[in-house]
Amino acid sequence: MQPKRIAAALVAGFTALALAACSGGTGSTGGTQQQPEKVFRLAFNQTEQHPQYKAAVQLGADLKKATNGRYSIEVYPNEQLGTQADVVTNVSNGTIEMMYIGGPVMESFNQDFIVFNLPYMFDSQEAQAAVFADDAVMGSLKKSVESSKHITVLAALHAGVRNVYNADKAIKTPADLAGLKIRVQQSDSQVKMIQAMGAVASPMSQGEVYAALQSGVLDGAENNETVFNALKHDEVAKFYSYTRHLMIPDYLLINSDALAAMSDADRKAFLDLIPGTVKAANTGFLEFAATSKAASEKAGAKFNDDVDTAAFKALVTPLVKASISNDVRQKLYDAVQKANAANPKK
Ligand code: GCU
């Protein structure tokens with residue numbers, strides 16, 4: 001953990017202790033027993049400008065109101081509480097209650113999450129939204145790590161379309177990407193994907209990418225326009241090429257025991273707020289991606305849309321086929337194909 005993060009974690013810990021002390025156990029007022037306020041800590045690895053951050057802050061305010069002050073949420077942006085791979089362990093053991101997590105990191109808990117993390121899976125954002133809104137498709141996947149890891153998946157969110165960027169040149173064909181060292185998220189599917197596309201995979205957490213690009217340890221990375229701009233990757237890898245290889249979800253997680261500890265009425269009030277949170281985050285994302293792109297362009301980044309995406313798709317097709325290796329994944333895959341047919345590329 002970096003010193004900044006340790007400090008933040010300590011402050012957060014002290015705040016939680018202070019709140020618990022202030023609430024004095026049962027904190028009765030005027031003869032009526034009041035439950036002490038419980039603050040869910042929500043870890044986030046991106047900036048305060050991100051619509052997921054804003055939606056989570058709003059969720060906290062709405063939750064406080066809906067539960068008469070019994071629950072609220074404190075959002076910690078910028079990887080303050082640690083990398084996603086570390087934080088998810090803490091959500092599992094209950095020391096942090098909530099987080100946003102990139103889909104690939106969930107594969108370490110249940111490999112079936114892989115389906116939505118595969119390249120060229122969704123044809124459109126509408127197709128992705130249709131799948132995520134369908135509880136018949138998503139229900140058991142979302143509950144799949146409750147008893148084993150004490151993690152409840154509250155929602156799947158749109159997290160943009162990912163493209164390759166690098167320091168030296170526009171990527172137009174697989175030959176341009178061949179041999180470049182590209183950062184991917186920490187999961188097997190992402191490593192295999194970038195290898196199939198011809199690059200050398202370097203899995204690491206998001207917070208380490210800028211320095212690695214700057215020092216030349218990495219030739220490039222792959223992400224949406226918001227990360228490219230907000231984390232200043234556009235300063236050190238200014239060629240952004242529309243390979244459009246991924247549309248991976250983020251998930252909103254909560255520790256299952258924290259959720260179970262709520263009264264039925266408070267839990268219902270909380271869960272009723274989640275669709276609005278998802279809608280706000282998803283709508284805000286599209287605008288954020290557009291303004292991020294414009295800001296990067298203004299700062300001198302070069303966006304290239306002359307990419308042979310069919311050639312990249314052909315390279316990763318065997319990986320996609322090999323990954324749909326059991327009935328659960330086949331069912332999820334079929335649901336995606338159905339949604340793609342109903343919501344084709346525009
Ligand atoms: C996106 C995504 C994050 C993920 C990050 C990454 O920003 O929304 O959840 O952690 O990419 O590439 O690490």
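The lining of the largest cavity comprises 8 nonpolar, 13 polar and 4 charged residues; here Ala, Val, Leu, Ile, Met, Phe, Trp, Tyr, Cys and Pro count as nonpolar, Asp, Glu, Lys and Arg as charged, and the others, including Gly, as polar. The model is a predicted one, in which local features need pLDDT of at least 70 and side-chain atom pairs count only at pLDDT 80 or more, while totals for chains, interfaces and linings use all residues. Residues are numbered from 1 along each chain as its sequence is written, and side-chain values use heavy atoms, with hydrogens and water left out.

A cavity is a set of points, on a 1 Å grid over the protein atoms alone, where a 1.4 Å probe fits but cannot get out; its lining residues have an atom within 4 Å of a point. Points are joined across faces, edges and corners, and a volume is the space filled by probe spheres set on them. By this rule there are 2 cavities of 30 Å³ or more.

The largest cavity holds about 250 Å³ of space. Among its 25 lining residues, N45, Q84, R162, Q185 and Q206 are the closest to the centre. Two or more residues of the lining come from each of α3 (84-93) and α4 (103-106); helices are DSSP runs (H or I, at least four residues) numbered from the N terminus.

The ligand takes up the space of this largest cavity, on the criterion that more than half of its atoms lie within 2 Å of the grid points. Around the ligand are N45, Q46, Q84, G102, A159, R162, R183, Q185, Q206, N223, V227 and D250, each with a heavy atom within 4 Å of it. This shell divides into 2 nonpolar, 7 polar and 3 charged residues.

| Side chain | Distance from a ligand oxygen atom to a side-chain N or O atom |
|---|---|
| Q46 | 3.1 Å |
| Q206 | 3.3 Å |
| D250 | 2.6 Å |

The protein covers 97% of the 310 Å² of accessible area that the ligand has on its own, as computed by the Shrake-Rupley method with a 1.4 Å probe.

The second largest cavity contains about 30 Å³ of space. Its lining consists of Q46, T47, H50, T226, V227, A230, L231 and F288, and helix α11 (residues 225-230) gives the most to it, with 3 residues. By class, this lining has 4 nonpolar, 4 polar and no charged residues.

Technical notes:
Polar contact = N/O pair within 3.5 Å; in protein donor to acceptor, adjacent residues only side chain to side chain. 1 Å grid on protein atoms, 1.4 Å probe; cavity = no way out; pocket = protein on both sides within 12 Å on 5 of 7 lines; lining within 4 Å.
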